[in-house]
Amino acid sequence: MIMYLGLVLVVMIVSGTYILLTLRSAEINKSNQQLELYAEKISEQVVEGNTEDMFQEQLSNTLTSAESMQGNILDIYGRTIASTAVRQAPYPVFSDSAVVTAMSGETAYSFAKKSTDESGLVREWISCAYPVKDISGTVNYIVYTRMDAADMQENLVATARTILVAAIISLLLAATMGYIFAQTLTGPILALTRGAKNLAEGELNQSLKVRSSDEIGQLTSSFNYMASELKKNLSEISREKNRLEIILHNMTDGVISFDKNGNLMHINSAGMELLQMEKMDENMTFSDFIRAYDINSGVLLDIGRDHSKKVTFSVGKQFLNASFSPYYNRPGKMEGVVVVLQDITEQKKLDDMRKEFVANVSHELRTPLTTVKSYTETLMEGAVEEKELAMEFLGIIDSEADRMAFLVRDLLQLSRFDNKQVYLDITEIDLNEFLMQTVRQNKIHAEAKHQELTFEPTEKPVIIYADRDRVGQVVNNIVTNAIKYSLDRASIRIFITEDKDYYKISVKDTGMGISREDLPRIFERFYRVDKARSRAMGGTGLGLAIAKEIMESHEGKLTAESEYGKGTTMTMWFSKHFPRIDEA
Ligand code: ADP
């Protein structure tokens, strides 16, 4: 707006001054012409053909010109000899440089010469001094005409005033237009600036109003388009980021990334869990990580050369596999490392178990094999001749062969459970009848040890659905164990209980019991609390493992409670909902 006003002001001053100056010089020229014409007229009508003493009379008579003009006749000495202003002497004296110029024979003019008029008022004059020459060119008289400059001056002042008024109106107009202009031009620009600032501060939900179709309007539409595109792109990016975060968060593998300076950039929750970090340690660096988990430091040297490097390390009881993969920027410079952590505890446990299992099987087979081999050799070396001894040896060989056969039978059975190749022949079993039969079968073994084996049938019959042979195997195994691992005169009690979901068969003995440390392990394959005793009694150490598998295949379970030195209670849980109706 200020620029606008300044421009108008400059234009008005320049053009006003120019107009005024042009007008003034035109006015002066016009006045000069009038004065010269008047002077020529005086020269022709008054001076030529008249004597000096006639001048005044002639001047007064012949010339009745415009009143604003005065005509005077001066002699060559500059003395006034006739005048239209004063009819008789004393005539006014004109001390004008124009008169001096005219004396040398040239018409001269002067402007704004101040002098007093005949009534003594100071006035401004425009004057013309016109030399009257004779034939030879000698100046005889000077006609000095003059007119009051006030009129012209007044005209000029009036014009100047008009120009001033015009200038003020123009300025007002300019100010109004400037304001409107500023509103239409700078208003939208200010709005755009504000919008851009908001955009930079993250306020993406904004659309500016497009007020016109000019460049500003186009700029505003472009701005709106930019903002909407930006919003679209940002939401796309954040959606993508969320997706990645969700994936990273829900991965079971731990993911940790470090930048090229070794600073931690990201760790997902699985990573924190695997490393057993309570909360994220943002200051953890790559070397801290290597040091804290005692990871083979060779990995540091290999990174950058290899594509990825795998290292196994342990955190508490867990075994982790870490794979270190460097990542690169475009020109192939390393930007950082991504570490993927996998929990291989289970895998390692299985591996260890497999190794242990093989070692156990080999061990179990070696003992009877060695026995068989040594007795056979003894027989071959001549013992065969002594019939009694030979029969004793063969008996031992037979029982060892039996033991190996039992072992192989048990192993095969377990392997079938492992491979889910077990077919259950489900039938209705009346537990009272079934357990009474079990007692009858085992009574003889119990009695041999003077043990009391009892079963208390329930009042109402209890019916379960199960594979009779396999359940029989489980019950027999448990009852046999109770007899085996109880001293003479112990009592073994079998009873049935039930709860909401299960029928339970418990076998409670007053035997040697199982220590707290051993109790959770007795269902493991080949686990025996007292190896020598178990083996001496023909146990393979697989009985309870198989029993557990059988119970689980019936959707039931097998549990043990025991107090060392006091006795053990083994409980078989039969689900009331087995087999499910939809399965049956
Ligand atoms: P085994 O062939 O040795 O009997 P089992 O799998 O049947 O193998 O039992 C595993 C181990 O559990 C036995 O070696 C024994 O130490 C212990 N055990 C099982 N039942 C009893 C019990 N009633 N009292 C004490 N110990 C028992």
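**Note on the predicted model**

1. Proline 579 is found in the segment after β17 (567-575), where helices (H or I, at least four residues) and strands (E, at least two) are DSSP runs numbered from the N terminus. The peptide bond that joins phenylalanine 578 to proline 579 is cis, with omega at about -10°.

2. The model is a predicted one, in which local features need pLDDT of at least 70 and side-chain atom pairs count only at pLDDT 80 or more, while totals for chains, interfaces and linings use all residues. Residues are numbered from 1 along each chain as its sequence is written, and side-chain values use heavy atoms, with hydrogens and water left out.

3. The ligand is surrounded by 20 residues, of which the closest are Asn481, Asp509, Ser534, Gly541 and Leu544, a residue being counted if one of its heavy atoms lies within 4 Å.

4. Polar contacts are pairs of N or O atoms within 3.5 Å. An N or O atom in the side chain of aspartate 509 is 2.9 Å from a nitrogen atom of the ligand, and a polar side-chain atom of tyrosine 485 lies 3.0 Å from an oxygen atom of the ligand. For threonine 568, a polar side-chain atom is 3.4 Å from a ligand nitrogen atom. Of the 530 Å² of accessible area that the ligand has on its own, the protein covers 97%, by the Shrake-Rupley method with a 1.4 Å probe.

5. Helix α1 (residues 2-47) and helix α4 (residues 150-200) have axes that come within 10 Å and cross at roughly 165°, the axes being lines fitted to C-alpha atoms over the stretch in contact and the angles running from 0 to 180 degrees between N-to-C directions. That angle makes α1 roughly antiparallel to α4, a term for angles over 145 degrees. The residues of this contact divide into 19 nonpolar, 6 polar and 2 charged, with Asp, Glu, Lys and Arg counted as charged, Ala, Val, Leu, Ile, Met, Phe, Trp, Tyr, Cys and Pro as nonpolar, and the others as polar.

6. For helix α9 (residues 345-380) and helix α10 (residues 387-418), the axes come within 9 Å and cross at roughly 160°, which makes α9 roughly antiparallel to α10.

Conventions:
Parallel < 35°, antiparallel > 145°, perpendicular 65-115°, else oblique. Polar contact = N/O pair within 3.5 Å; in protein donor to acceptor, adjacent residues only side chain to side chain.
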